[in-house]
Amino acid sequence: MIPKAAPSAADAVCIDLEDPVAPDEKPASRANVVPALKEIDFGRRVRIVRVNGLDGPFAYPDLVEIVEAAGDRLDLVMIPKASSPRDVVFVDMLLNQIESSIRLPMRIGIEAQIETAAGYLYAREIAESSPRLEALIFGAGDYAASMRMPSPAIGERDAHDEIYPGHRWHAVMHTIVAAARANGLRCMDGPYAGYTDTAGLVRASRIPQALGFDGKQCIHPAQLATVNATFSPSDAEVAKATAIVEAYDKAVSAGQGAATHDGRMIDAANVRMARTTL
């Protein structure tokens, strides 16, 4: 599966040592990661390894064995179930030690998954915990389990969503976006389990995009086109954003504090949104 991911339309490839690997196979699975990082050409794609949770015996050897052997080919370490800033600080300190020991000429970044009740409550502190931290990621499946929310499939809408008079995941997702934006981080939505359900994936992508997420994890190459299209501005949106910036710049040059475009007033806030699109 790893070689199939390397030439895909993904912006990043995450080699996962956590949930997809049976406990008895976890030590041996590291032997697949090191040669994959060393031998496969991932092009410009970001290379990520998701280690096992810090509440078990596997995360420490995951980090030591992989970073010592292939740290120069690794961009990011993903921490699952980050539940407090201490989790990020621990990984940061361990990476410091390994990088210093092997004289790694680069610094490996960190992504933290918010997928527990504690992670939700500590999202702000987690986002501030380390200069290595680059992104917060929402993990809907484990979050549902932690909160004891019924959810038969990861990321999919079900009967409980129809009953609840609102978006069941709004609070945690909005919190992740706010914590990420306040600290200059990316914020990513978790995966959608139904990889043959294109209509469901479209809806599951549009909601986080509307909330301000930068992108979404995919578990199958067939999902990439839909997700990339949803999280990329259309040609019409780019043209509109360009026109707004040009109209505002022209108004400022003329000594005006506000301008109009297409029958609507535009001011500095509109321009900030337009420049974000561009």
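Mentor: Let us begin with a term: a disulfide is here a pair of cysteine sulfur atoms within 2.5 Å. The model before us is a predicted one, and a search of the whole structure with that cut-off finds zero disulfides.

Trainee: How do you know that Cys-187 is in no disulfide?

Mentor: The nearest cysteine sulfur to that of Cys-187 belongs to Cys-218 and is 16 Å away, whereas a disulfide needs the two sulfur atoms within 2.5 Å, so Cys-187 is in no disulfide. For Cys-218, the nearest cysteine sulfur is that of Cys-14, 12 Å away, and Cys-218 is likewise in no disulfide.

Trainee: Why is Cys-187 called buried, and what makes Cys-218 partly exposed?

Mentor: Buried means under 20% relative accessible area, and Cys-187, at 0%, therefore counts as buried. Partly exposed lies between that limit and the 50% over which a residue is exposed, so Cys-218, with 27%, is partly exposed. Of the 278 residues of the protein chain, 42% count as buried.

Trainee: How do you know that the radius of gyration agrees with that of a compact globule?

Mentor: With 278 residues, a compact globule would have a radius of gyration near 19 Å, and the protein chain has 21 Å, which agrees. Along its principal axes, the C-alpha trace spans about 65 × 50 × 35 Å.

Trainee: How many helices and strands are there in the protein chain?

Mentor: The protein chain has 13 helices and nine strands.

Notes:
Residues are numbered from 1 along each chain as its sequence is written. This is a predicted model: local features need pLDDT of at least 70, side-chain atom pairs count only at pLDDT 80 or more; totals for chains, interfaces and linings use all residues. Side-chain values use heavy atoms; hydrogens and water are left out. Helices (H or I, at least four residues) and strands (E, at least two) are DSSP runs, numbered from the N terminus. The radius of gyration is taken over C-alpha atoms; the globule rule is 2.2 Å times the number of residues to the power 0.38. Buried means under 20% relative accessible area, exposed over 50%, partly exposed in between (1.4 Å probe, protein chains only).
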